[in-house]
Protein chains: 4
Amino acid sequence: MNNKTSVKVAIVGASGYSGEELVRLLLSHSHAELTAVTSRQYAGQTLAQVFLRFAHLPHAKALRFSEPNAELLAKQAQVIFLALPHGVAAEFAVPLLKLGCQVIDLSADFRVRSGAVYKEFYAHDHPAPGLLTTAVYGLPEVYRAQIKNALLIASPGCYPTSILLPTLPLLRAGLIKSTGIIADSLSGVSGAGRKVEQDYMFVECNESVRPYGIPKHRHLSEIEQELSLAAQTPVTIQFTPHLVPINRGILTTLYLAPEKHFSDAEGMNALNEKISACYQSAYGNEPFVRLLDGNALPDTKNVLGTNVVEIAWRLDARTGRLIVLSAEDNIVKGASGQAVQSFNIMCGFPETAGLV
Amino acid sequence: MNNKTSVKVAIVGASGYSGEELVRLLLSHSHAELTAVTSRQYAGQTLAQVFLRFAHLPHAKALRFSEPNAELLAKQAQVIFLALPHGVAAEFAVPLLKLGCQVIDLSADFRVRSGAVYKEFYAHDHPAPGLLTTAVYGLPEVYRAQIKNALLIASPGCYPTSILLPTLPLLRAGLIKSTGIIADSLSGVSGAGRKVEQDYMFVECNESVRPYGIPKHRHLSEIEQELSLAAQTPVTIQFTPHLVPINRGILTTLYLAPEKHFSDAEGMNALNEKISACYQSAYGNEPFVRLLDGNALPDTKNVLGTNVVEIAWRLDARTGRLIVLSAEDNIVKGASGQAVQSFNIMCGFPETAGLV
Amino acid sequence: MNNKTSVKVAIVGASGYSGEELVRLLLSHSHAELTAVTSRQYAGQTLAQVFLRFAHLPHAKALRFSEPNAELLAKQAQVIFLALPHGVAAEFAVPLLKLGCQVIDLSADFRVRSGAVYKEFYAHDHPAPGLLTTAVYGLPEVYRAQIKNALLIASPGCYPTSILLPTLPLLRAGLIKSTGIIADSLSGVSGAGRKVEQDYMFVECNESVRPYGIPKHRHLSEIEQELSLAAQTPVTIQFTPHLVPINRGILTTLYLAPEKHFSDAEGMNALNEKISACYQSAYGNEPFVRLLDGNALPDTKNVLGTNVVEIAWRLDARTGRLIVLSAEDNIVKGASGQAVQSFNIMCGFPETAGLV
Amino acid sequence: MNNKTSVKVAIVGASGYSGEELVRLLLSHSHAELTAVTSRQYAGQTLAQVFLRFAHLPHAKALRFSEPNAELLAKQAQVIFLALPHGVAAEFAVPLLKLGCQVIDLSADFRVRSGAVYKEFYAHDHPAPGLLTTAVYGLPEVYRAQIKNALLIASPGCYPTSILLPTLPLLRAGLIKSTGIIADSLSGVSGAGRKVEQDYMFVECNESVRPYGIPKHRHLSEIEQELSLAAQTPVTIQFTPHLVPINRGILTTLYLAPEKHFSDAEGMNALNEKISACYQSAYGNEPFVRLLDGNALPDTKNVLGTNVVEIAWRLDARTGRLIVLSAEDNIVKGASGQAVQSFNIMCGFPETAGLV
């Protein structure tokens with residue numbers, strides 16, 4: 001597909017936060033032509049009417065939301081982004097794939113490879129279990145080769161991205177134990193989606209910091225699946241999400257146990273160098289992973305609006321633990337930006353196209 | 001001192017956030033007469049001029065900031081609150097105690113009982129090591145009896161309060177292991193004090209969530225001292241503070257290991273009941289500890305402006321861990337409110353006077 | 001009613017922001033006994049269950065929300081606070097008054113004296129027009145004498161309070177023209193009430209500043225009514241409300257034309273002194289009006305959680321205009337605090353009881 | 001300069017908010033090559049070290065801050081952006097112009113054409129009065145032709161841009177009176193620059209809304225100069241800036257008097273059409289002015305991070321006034337974006353290059 005200069009794309013469910021961000025990214029993507037956006041709520045209105053922030057762009061004045069219809073979409077676009085609630089995405093993926101489209105799904109519907117695990121976490125049978133094994137988990141830093149040839153991409157969740165990117169290289173290299181992993185995450189309010197519920201009202205979130213959804217968050221299923229693959233043994237982790245009063249961003253603090261105990265400064269330096277080498281090897285050439293050095297620590301404001309994930313780590317001589325920290329924009333690297341990154345790989349475009 | 005209706009009090013260093021909150025609490029305290037407030041920066045100005053929010057109160061119009069002077073203060077007040085930076089407080093405590101005052105120190109100067117530990121964490125010799133053993137750690141829920149007769153109270157820090165109150169009863173009861181404790185805390189920006197530094201500017205904090213000061217925060221010294229006393233064995237913990245964009249509040253998430261492994265629902269229920277009984281026994285009658293039940297989880301907005309600490313917990317059957325969460329207002333229960341609570345106990349007033 | 005130490009009170013519609021603040025104020029009011037709170041949504045649950053922030057108070061654990069029922073309420077309380085949506089309040093006020101209760105209504109239902117004006121702004125006939133003339137507009141600084149003997153108090157809205165208090169004395173004294181008045185107001189999000197609508201979601205309000213409801217806001221009816229009474233001539237004003245990302249607070253900027261043109265420094269000084277004397281005379285002894293002097297300007301953070309309204313003014317020699325600025329907490333002085341202030345006056349209690 | 005594909009540019013004073021935004025815009029500008037950034041504070045450090053958000057860009061890793069030196073800068077770049085405090089910019093502009101550079105100054109130093117007006121508002125003689133008449137006021141929608149050939153551009157302030165763009169067409173068309181204009185503006189905290197002062201600390205700004213700098217703000221000098229030119233008569237306006245707790249954005253509400261009184265619906269409709277036609281004629285083809293229609297009103301969140309200014313208006317039949325509202329990102333259209341827009345015009349590049 002390399003010699004195409006642009007590919008026709010559509011967004012199903014374009015009215016949520018991820019959908020809106022996909023619109024923003026794809027409208028200015030030099031290799032994508034946005035030909036359809038769907039929304040039951042806004043069908044008939046133009047992008048410019050629904051999203052005032054795009055209202056001055058000619059294309060946004062022309063493109064109207066339509067009712068989602070797989071047959072029509074298949075005629076309008078080659079690659080379809082699904083920005084739908086969990087459970088609804090699969091309904092569209094199945095016919096779209098049959099009609100010859102490539103699908104990039106931002107929901108959780110195809111992230112888990114096992115129908116049994118899906119049922120455990122989502123409380124119902126998977127609607128299209130046959131696709132679970134063909135879907136590619138769209139984490140480019142890990143599955144770039146598979147994404148290149150994928151027909152169905154299950155783009156990772158925001159929490160999983162913030163946890164997996166810092167952890168996978170260490171597990172693969174055997175530098176940390178696969179047991180006892182704790183991930184403590186802070187998420188901006190857009191992470192809840194454009195849900196009109198009292199919990200997400202301004203007055204309920206502003207001046208508020210609070211945990212939620214513990215101890216068994218649905219994202220655990222995909223996180224543990226990928227950690228287990230890296231560790232080559234089943235991994236169970238502790239995960240605590242918190243809601244913090246920012247629009248966008250996830251900050252994750254990981255508590256990890258080095259495989260090798262360090263008992264003195266020399267041992268600590270040696271381990272530090274191994275971790276550094278491990279991360280350099282994994283991400284030194286990645287365009288969207290920023291390894292912080294010196295005294296710098298991740299900060300959500302430094303990744304706001306970008307597809308970058310920041311990673312830093314500290315060894316603690318007092319406790320023997322390794323603390324790894326990451327920051328990302330939950331709507332970009334945690335959702336729509338990562339989906340566009342996969343799109344670029346899938347279509348043979350420069351991986352950073354439309355993302356810098 | 002029971003039959004006194006009111007006690008003369010002074011605040012040294014009344015211009016910071018803790019000092020300002022002490023002013024607020026003591027101005028409306030029916031058993032305290034605020035006779036002096038000191039501030040080098042504002043000496044000569046009235047409370048009403050410096051703190052516009054009190055400007056309509058007659059007493060705030062009359063009371064002027066003065067230069068701090070121990071001899072003068074000892075004539076003006078019986079109980080002196082020190083809301084000074086670490087290291088400076090001790091300089092005032094020593095002469096004030098000699099002059100017969102009772103001192104409630106909000107700094108870290110007297111919280112650690114060992115001069116060696118103090119030096120390890122604060123990087124200089126303690127200026128008055130003789131007082132370290134006479135000072136009482138002002139956590140009323142733990143040291144009420146000692147506070148009653150104290151001459152020098154070392155009021156706990158905001159992070160320590162949010163960590164110790166949920167953890168101490170479990171350690172004392174032997175319900176959790178003393179090893180492997182992790183405290184992950186989120187603090188509002190007032191926790192940094194009224195420091196005019198770039199890190200705490202609005203634009204640097206708003207839309208930002210970030211860790212800082214890891215892995216060895218100074219507050220660890222007092223936290224580990226108190227945990228060790230409860231566990232009757234040396235305790236070393238992992239502590240990660242984060243800065244979140246709220247004015248006030250600390251939310252702490254504690255990762256704990258139950259002493260007794262639970263392998264099934266029955267075991268989990270039994271343990272749950274033991275933990276519940278332990279907390280009920282420790283705090284069931286405490287006016288400022290709110291044990292949450294049902295589905296409720298701590299939220300900083302629910303303790304804003306109050307002297308209450310909220311506590312909830314969850315057992316995680318998947319990992320075998322106990323997660324305990326707490327929320328407090330870092331300037332009230334984490335600083336000035338707790339100091340007033342100690343004042344009430346020390347003077348024989350109702351413990352909730354001026355705090356509800 | 002002077003010799004009663006306490007009065008039984010009830011709150012109808014206690015689950016909104018004003019209702020919740022009334023709960024807070026009345027639970028700690030030494031002359032009020034809260035005997036009933038109603039809420040269709042929460043009937044059967046205790047105050048402690050619905051409002052976690054009160055959960056540690058014994059009374060909050062005991063008092064349950066009930067379905068609103070006038071006959072029952074009339075047996076439970078002497079003074080009834082109505083914190084209901086506009087239009088609904090009147091339905092309760094009528095039977096409660098017949099049953100001998102005194103009613104303090106926080107809605108707009110009885111603020112306008114003319115049924116015709118009500119219909120113009122609220123688009124339907126008034127449900128109880130006979131009560132419009134007996135209701136007292138509950139602005140204590142203006143109608144204290146009438147409040148003392150009132151059976152039905154129409155407590156003013158948040159915008160009106162922030163506009164009327166700074167303007168009325170100047171109009172009464174003939175210091176400003178009654179024409180050309182502009183009020184530009186900024187309101188925190190709680191001003192919209194606890195409405196679960198997309199406009200008030202965190203992500204829609206945070207990092208957003210926007211006007212709304214222009215040019216004909218409903219509050220204009222009561223504002224212009226009171227301004228006209230003070231000016232003794234019909235007054236029409238320009239009013240522009242804006243939504244700003246704070247929980248609480250209203251900041252109003254008033255653009256006024258001095259009746260007497262000032263052409264030089266001397267004239268300006270003379271006018272300044274007249275304005276100062278006018279405000280001193282009106283508010284010098286008011287416990288809840290803070291006249292700022294020197295360089296100080298109103299700031300919502302300085303009135304947060306208090307019943308105080310701050311007022312400052314500036315004459316502009318370049319334009320000949322008088323700029324007056326006010327700040328208040330929209331839920332306290334702009335709603336529930338003011339209602340309690342009226343309650344105190346009505347019952348003969350100290351006017352500041354429960355409010356400092 | 002049309003046939004050049006890229007121009008070498010430098011930023012003097014690149015460490016403030018406007019400077020940082022210039023860095024962001026110019027690093028990704030396909031026709032600009034950023035060859036030098038200066039900062040006394042950060043000289044010697046790379047862009048990547050100082051601004052972590054750019055740390056993954058190869059160019060940011062290579063480019064180091066230098067001490068500002070006109071002779072060196074003139075060798076490094078053709079177009080120099082000055083993002084310096086008022087008063088300091090002129091010191092660099094003079095030698096740079098002599099050395100043959102083109103200068104785009106973001107400070108107020110060359111915005112006022114009269115040395116006397118400059119002195120009145122800035123309280124000292126202008127350091128280079130000879131340049132005041134050659135400088136071009138860099139508002140592209142008004143001075144596009146002059147910008148094309150300018151050597152020195154005085155890029156407008158953030159408040160002036162938000163006030164002038166909505167007002168100038170109406171004044172030029174004689175649709176509004178030149179007297180009695182009121183501009184009430186709300187600014188995000190970045191408008192104060194990266195000043196480390198107590199007023200701009202997080203805790204002082206969060207949950208705070210307040211006016212400041214009234215009644216005679218320095219920006220009035222350039223605002224009134226441009227309004228007077230449009231009205232062809234001296235114009236004096238009322239301007240009240242307020243600080244609101246957002247990072248970025250200015251919302252301006254303008255109170256204007258239509259030249260022609262409208263007394264009925266028909267007159268109002270006719271005037272509405274004239275205003276609409278006036279704005280369409282002025283801005284219908286402007287890439288960075290968004291005229292809102294229907295019920296839409298400006299909102300700072302809809303222009304965040306963009307070079308767009310939003311404009312809407314309402315006629316008020318009750319008062320006879322015209323209310324015009326505008327929203328912009330104070331750091332983009334109000335500063336650095338507008339400067340890049342002028343750069344594009346000056347160099348013959350597409351006007352939207354690097355800005356969409």
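Through which surface do the copies, chain D and chain B, meet? In this predicted model, 100% of the interface residues of chain D are also interface residues in chain B, so the copies meet through the same surface. Local features are limited to pLDDT of at least 70 and side-chain atom pairs to pLDDT 80 or more, while totals for chains, interfaces and linings use all residues. Residues are numbered from 1 along each chain as its sequence is written, and chains are lettered from A and ligands numbered from 1 in the order in which they are written.

**View 1. Interface of chain D with chain B.** Here 14 residues of chain D are in contact with 14 residues of chain B (contact: C-beta atoms, placed from the backbone, within 7 Å). The side of chain D that touches chain B comprises eight nonpolar, four polar and two charged residues; Ala, Val, Leu, Ile, Met, Phe, Trp, Tyr, Cys and Pro count as nonpolar, Asp, Glu, Lys and Arg as charged, and the others, Gly among them, as polar.

**View 2**

**View 3. Interface of chain B with chain A.** Contacts join 37 residues of chain B to 37 residues of chain A. On the side of chain B that touches chain A, at least two residues each come from several strands, including E8 (182-187), E13 (309-316) and E14 (321-328) of chain B (strands: DSSP runs of E, at least two residues; helices: H or I, at least four; both numbered from the N terminus). This side of chain B has 17 nonpolar, 10 polar and 10 charged residues.

**View 4. Domains of chain A.** Chain A is assigned domain 1 (7-155 + 335-347) and domain 2 (159-330), with bounds from an automatic or database domain assignment. The C-alpha centres of the two domains of chain A lie 26 Å apart. Contacts link 17 residues of domain 1 of chain A with 19 residues of domain 2 of chain A. Helices H6 (115-122), H7 (140-148) and H12 (332-347) of chain A each give two or more residues to the side of domain 1 that touches domain 2. H12(A) supplies the largest share of that side, four residues.
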